[in-house]
Amino acid sequence: MERAKVNIHGIVQGVGFRPFIHKLVREYRLSGFIKNTSSGVELELEGERPELERFVADVPARAPKLALIERVETEYSAELRHFQGFEILKSRTEALRNTLVSPDIGICDDCRRELLDPADRRYRYPFINCTNCGPRFTIIKDLPYDRARTSMSGFPMCPDCDREYHDIENRRYHAQPDCCPVCGPHVFYLDAAGERVEGDAIELARAALKAGKIVAIKGLGGMHLACRCDDPEIAKTLRRRKQRDEKPFAIMCRDAAAAKKICFVGAEEEKLLNSFRRPIVLLEKRGEILSHLSENGYVGVMLPYTPLHYLVFGDDIDMLVMTSANLSDTPIMYRNAEALEKLSGIADGFLLHDRDIQTRCDDSLCFCLGGGEYFLRRSRGYVPFPVSTHEDLGMALACGAEQKASFCLSKGNYVFPSQHIGDLKNIETYDNYTRQIRHFERLFDVRPTVLACDLHPDYLSTSYAAERSEEEGIPLVRVQHHHAHMAACMADNALLGEVIGLVWDGVGQGLDGTSWGGECLVGGYRDFRRVGSIKEIPLVGGDAVTKDPMRVAWALLRAAGESTHRFKDGPAWAFMLENALNCPLSSGMGRLFDGVSAILGIKEACSYEGQGAVLLEAAAARDEGAYPVVFEEKDGVFRFDWREMIRRIVREQADGEDRGAIAARFHNTLVAMAVRQCVLAREESGLERVVLSGGSFQNMYIMRRLPAALEKEGFTVYRHRRVSPNDEGLSLGQILIAKARLQ
Ligand SMILES: [Zn+2]
Ligand SMILES: [Zn+2]
């Protein structure tokens with residue numbers, strides 16, 4: 001006999017880890033105890049040495065899927081303590097046990113098998129779940145996490161479920177949302193008028209969908225609107241009713257094989273689609289078959305993640321449009337009454353149920369890059385899983401930006417990024433934002449002692465932070481937008497020290513009062529300096545340019561000395577510019593994309609932000625050379641002077657050159673420009689690590705080329721992995737900067 005002391009570091013609390021260890025210990029017939037520590041759990045076990053060794057090897061191999069084991073340390077000793085049985089000890093750090101709340105988990109294979117097994121007591125029961133799957137974050141009202149503090153509180157367990165819940169050998173041991181047709185929630189179907197329809201709710205919904213109707217379906221974190229994919233007329237009707245002119249729709253496919261019929265699915269993408277987190281993965285379309293659903297080269301695909309979805313698909317539906325039920329910029333609907341009221345006139349039927357959604361949570365959206373997620377939106381399936389950090393950050397709240405708002409809360413070595421919130425300028429969204437902040441603070445038992453916000457005085461997140469700072473006497477750190485992006489990518493990759501940061505996005509307030517967005521920075525968490533940028537573009541009419549990129553096209557052409565005769569509003573814009581009337585200067589990379597897209601006639605009016613850039617990327621043919629890169633230096637900042645590039649584009653266009661080739665050369669020029677800027681930054685700073693952040697790095701044409709081009713020059717390149725490169729990920733950076741500044 002020997003005694004083993006095993007220290008397991010990582011995210012292993014609140015993820016079903018202790019019941020898992022308990023079972024494993026019984027399997028190996030060991031004795032001892034487990035207790036939580038500040039960085040994980042500690043075990044002491046006695047048994048024969050080979051058994052102990054096999055046990056230790058089995059822990060990471062069989063751990064619950066949400067557990068993140070970073071390190072296992074084992075010490076053996078001949079000195080026995082003669083443990084009797086196995087004990088779960090309360091420890092000093094017990095409070096930390098509540099630190100982790102599980103995200104919602106897509107239905108597991110075991111539950112799916114039971115769902116379709118006529119002999120099972122949960123056959124075709126749309127709320128089947130177990131310890132390994134089911135709703136979590138979206139049904140939790142408060143902690144500690146048990147049934148009474150979830151939306152399941154109104155459904156007391158029947159004796160059968162209760163027996164499973166208390167049986168350590170059972171897959172439903174301590175599964176809080178466990179239920180069955182006898183004791184759990186139920187689905188029902190309502191018609192367009194909101195009247196309950198008698199009959200099998202799921203069959204009614206299936207019949208309506210097959211007949212080409214639009215059906216609202218209650219999911220995990222909110223309502224979806226579903227309809228057939230194959231009929232452009234139905235998609236058009238949905239767009240019209242939803243007032244969603246051109247934004248792409250996401251699709252839910254019954255399985256990866258169905259997805260392969262409409263898009264290219266690599267092995268890594270298939271794995272991500274099938275992962276228990278079930279994000280929407282952006283996949284390259286096969287040809288033009290889905291142009292009525294997505295106008296660019298990609299389509300967002302997800303697989304069913306609730307038992308209800310599987311039942312709706314049945315044996316004969318391959319794919320459905322599955323778009324969030326919301327109107328223009330309002331948050332996703334999540335309450336039955338709200339859906340019935342606001343979707344009246346939009347949905348032809350409603351497949352609802354009586355388990356409340358406590359917390360809204362949109363579907364996550366990502367590309368698959370290097371085998372992992374590259375987020376555009378980190379939400380359901382991921383939130384509220386924390387990002388672990390290198391140092392203790394104490395308790396702080398970072399309030400994020402505005403359009404793609406999110407916030408981050410820190411507690412010790414964990415940062416909890418919020419789910420996707422949306423554009424705060426919408427009042428309902430703002431209301432949800434403030435409520436979610438309070439919800440997270442209660443859930444994780446955090447009272448912030450530091451606040452961080454953006455430098456932009458007009459962001460609603462800034463005024464929220466300022467108000468709380470004043471009312472509660474909490475110090476507030478205002479963080480420059482692109483510095484926050486850079487720090488977010490550093491924290492995302494656990495980097496310390498200083499780096500070169502390429503930060504490209506639409507707009508963010510700069511230190512000099514102009515708006516920035518095509519930046520090359522050098523620095524760390526505490527400070528930064530600007531070493532590169534792009535030549536400023538005058539934004540005629542300010543924010544009006546985001547929907548009207550012709551204004552940017554005009555400004556670019558005018559600056560390059562090219563003809564602007566075709567712009568009928570040109571003289572009015574010239575007057576505004578000459579008299580400095582609402583013409584702020586911007587070095588925003590997003591604007592350069594919009595402008596070039598409009599010059600090429602790809603997108604002359606945008607119905608959503610970034611549309612021009614997305615379509616320009618879609619137009620880009622494969623590698624076709626680049627335009628010359630010219631810099632102008634001003635106060636130590638190397639600015640990319642795009643005028644020569646614009647002149648070449650105009651000339652090529654006049655010569656009848658292919659638009660795809662011009663679009664590709666434009667992208668390649670930016671890649672070459674970025675490499676040159678980094679080389680200049682390295683000469684000055686000696687730094688070789690480059691982080692890439694900002695919404696423009698959602699451009700896959702650039703993401704598939706820039707890192708390789710930089711690596712060829714000897715740089716080590718880091719991109720986002722755990723949070724989004726766009727403004728949604730920026731609160732992570734704010735929190736680290738605030739902490740560094742206050743030290
Ligand atoms: Zn399950
Ligand atoms: Zn039951």
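**Zinc sites, sheet and cores**

Tutor: The site of the zinc ion (ligand 1) is tetrahedral, with angles of 103 to 121° among its four donor atoms. Four donors count as tetrahedral if all angles lie between 85 and 135 degrees. This is a predicted model, in which local features need pLDDT of at least 70 and side-chain atom pairs count only at pLDDT 80 or more, while totals for chains, interfaces and linings use all residues. Residues are numbered from 1 along each chain as its sequence is written, chains are lettered from A and ligands numbered from 1 in the order in which they are written, and side-chain values use heavy atoms, with hydrogens and water left out.

Student: Which residues are the protein donors of the zinc ion (ligand 1)?

Tutor: They are Cys108, Cys111, Cys130 and Cys133, each through SG, lying 2.3 Å from the ion. Donors are N, O and S atoms within 2.8 Å of the metal (3.2 Å for Na, K and Ca); water is not among the atoms, so sites may look incomplete. Along the chain these donors follow the spacing C-x2-C-x18-C-x2-C.

Student: Is cysteine 130 buried or exposed?

Tutor: Cysteine 130 is buried, at a relative accessible area of 0%, and cysteine 133 also counts as buried at 0%. Buried means under 20% relative accessible area, exposed over 50%, and partly exposed in between (1.4 Å probe, protein chains only).

Student: And what coordinates the zinc ion (ligand 2)?

Tutor: Its donors are the SG atoms of Cys158, Cys161, Cys180 and Cys183, at 2.2 to 2.3 Å. The site of this zinc ion (ligand 2) is tetrahedral, with angles of 102 to 116°, and its donor residues are spaced C-x2-C-x18-C-x2-C in sequence.

Student: Where do cysteine 158 and cysteine 180 lie?

Tutor: Cysteine 158 lies in the loop between helix 3 (109-115) and helix 4 (159-166), and cysteine 180 in the loop between helix 4 and strand 6, so the pair ties together parts that are 22 residues apart in sequence. Helices (H or I, at least four residues) and strands (E, at least two) are DSSP runs, numbered from the N terminus.

Student: Changing topic, in what order do the ten strands of the open sheet come?

Tutor: The order is 6-13-7-8-12-9-11-10-14-15, with mixed pairing. Two strands pair if DSSP finds at least two bridges between them. Strand 6 (187-191) and strand 15 (372-377) are the edge strands, each pairing on one side only.

Student: How do strand 9 and strand 11 run?

Tutor: Strand 9 (residues 251-253) and strand 11 (residues 298-302) run parallel, joined by two bridges. Methionine 252 has methionine 302 in strand 11 as its bridge partner.

Student: Where is isoleucine 280?

Tutor: Isoleucine 280 is in strand 10 (residues 280-284) and is buried, with a relative accessible area of 5%.

Student: Last topic: which residues touch the most other members of the largest nonpolar core?

Tutor: They are Phe17, Phe55, Leu502 and Leu592, in a core of 160 residues. A nonpolar core is a set of buried Ala, Val, Leu, Ile, Met, Phe, Trp, Tyr and Cys residues joined through side-chain atoms within 4.5 Å. Helix 19 (residues 659-685) gives the largest share of this core, eleven residues.

Definitions and conventions:
Tetrahedral: all angles 85-135°; square planar, octahedral: opposite > 155°, others 65-115°.
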